[in-house]
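I hope they are handy when you next open the coordinates.

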Amino acid sequence: MSDSEYEEEEFLVFADFNNQLSTTELAKEKPSIKIIGLDEKEPLAEINGNMFRGTYDFAMGTEVFLEKDLNAPPSDPLFEAVCRQKYKVFGKTNKVINFQRIYVGKPVSSDENMDEVGQQDDEHFKLNMTYEEIIKQFPSMKDL
């Protein structure tokens with residue numbers, strides 16, 4: 001099949017980390033965010049080295065996604081409080097992925113080859129499993 005024969009479809013899904021991430025972790029200039037298995041029953045997310053397992057659910061209402069409105073008309077200070085930044089809706093969804101923190105891998109001692117796992121300033125884990133192997137290591141979210 002050629003590229004022109006594929007149909008691309010985009011979905012918005014709200015990722016809820018249940019206050020397990022601090023705002024400082026995402027405030028970095030380029031936070032490291034990786035998500036695998038979005039089409040699986042329990043997707044995995046890695047954010048700045050922290051692992052999370054998710055389950056799909058429906059929102060209690062509608063989750064709304066906003067973006068800065070760079071073309072917003074200036075507000076009239078006589079009738080409106082001054083607003084520094086205006087936003088506009090760019091999408092909505094009723095799907096949510098609820099993520100819970102998980103711990104995977106085996107601890108790596110400092111005398112092992114650190115080139116394989118990164119810097120030595122924090123405790124690191126060597127991940128040598130596939131997605132399926134990781135999922136099998138943990139009980140299902142239904143069992144919790």
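1. A word on terms before we start: helices (H or I, at least four residues) and strands (E, at least two) are DSSP runs, numbered from the N terminus. By that rule, Ala59 sits in strand 4 (residues 50-68).

2. Please keep the origin of the coordinates in mind: this is a predicted model, where local features need pLDDT of at least 70, side-chain atom pairs count only at pLDDT 80 or more, and totals for chains, interfaces and linings use all residues. Residues are numbered from 1 along each chain as its sequence is written, and side-chain values use heavy atoms, with hydrogens and water left out.

3. On the overall fold, the protein has two helices and seven strands. Along the sequence they follow the pattern β-α-β-β-β-β-β-β-α. Of its 144 residues, 22% count as buried (under 20% relative accessible area; exposed is over 50%, partly exposed in between; 1.4 Å probe, protein chains only).

4. Five strands form an open sheet in the order 1-5-4-3-2, with mixed pairing; two strands pair if DSSP finds at least two bridges between them. Strand 1 (14-16) and strand 2 (33-36) are the edge strands, each pairing on one side only. On average, neighbouring strands of this sheet are turned by 35° against each other, direction ignored (axes are lines fitted to C-alpha atoms; in general angles run from 0 to 180 degrees between N-to-C directions).

5. Strand 1 and strand 5 (residues 87-102) run parallel and are joined by three bridges. Ala15 stands opposite Ile97 in strand 5.

6. Is Ala59 buried or exposed? Ala59 is buried, because its relative accessible area is 16%. Leaving aside neighbours within four places in sequence, Ala59 is in contact (heavy atoms within 4.5 Å) with Asn94 and Val96. Ala59 and Lys95 are 36 residues apart in sequence, yet 5.8 Å apart in space, C-alpha to C-alpha.

7. Lys95 also turns up in the lining of the second largest pocket, together with Phe11, Val13, Ala15, Ile35, Leu38, Tyr56 and Ile97. A pocket is an open set of points on a 1 Å grid over the protein atoms alone where a 1.4 Å probe fits, with protein on both sides within 12 Å along at least five of seven lines; lining residues have an atom within 4 Å of a point. This pocket has a volume of about 230 Å³, the space filled by probe spheres set on the points.

8. By class, that lining has seven nonpolar, no polar and one charged residues (Ala, Val, Leu, Ile, Met, Phe, Trp, Tyr, Cys and Pro count as nonpolar, Asp, Glu, Lys and Arg as charged, the others as polar).
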